[in-house]
Amino acid sequence: MGLHQRSRIADYIRYLRSDPHESEPFFKDLPIGVTRFFRDAAVWEQLKDDVFPELLATHPLGSVLRA
């Protein structure tokens, strides 16, 4: 968005749709290293099996939980 001076997501989406050459660099840049966590199945299993149950067991019923 910054490279093409688009300050709003809607403007950048319009740009993506209008320029067929922009989608390739966009998809190459999208899976940056820090997002690898979200694609790691073992991490999600550990969250499901260990982290979430403990977190929910100690969280006061009816209160907001944000992550």
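A residue is called buried when its relative accessible area is under 20%, exposed when it is over 50%, and partly exposed in between (1.4 Å probe, protein chains only). Leu65, at 39% relative accessibility, therefore counts as partly exposed. This is a predicted model, so to speak of local features takes a pLDDT of at least 70, side-chain atom pairs count only at pLDDT 80 or more, and totals for chains, interfaces and linings use all residues. Residues are numbered from 1 along each chain as its sequence is written, and side-chain values use heavy atoms, with hydrogens and water left out.

Now for helix H3, residues 41–58; helices here are DSSP runs of H or I with at least four residues, numbered from the N terminus.

A salt bridge puts a side-chain nitrogen of Lys or Arg within 4 Å of a carboxyl oxygen of Asp or Glu, and the count comes to four. One of them joins Glu45 and Lys48 (3.4 Å, N to O), which sit three residues apart in H3, about one turn of the helix. Lys48 also meets Asp49 in a salt bridge (3.7 Å, N to O). Glu45 is partly exposed at 40%, as is Lys48 at 48%.

Arg8, Asp11 and Arg14 are linked in a network of salt bridges.

Technical notes: Helices (H or I, at least four residues) and strands (E, at least two) are DSSP runs, numbered from the N terminus. The expected span of a helix is 1.5 Å times one less than its number of residues.
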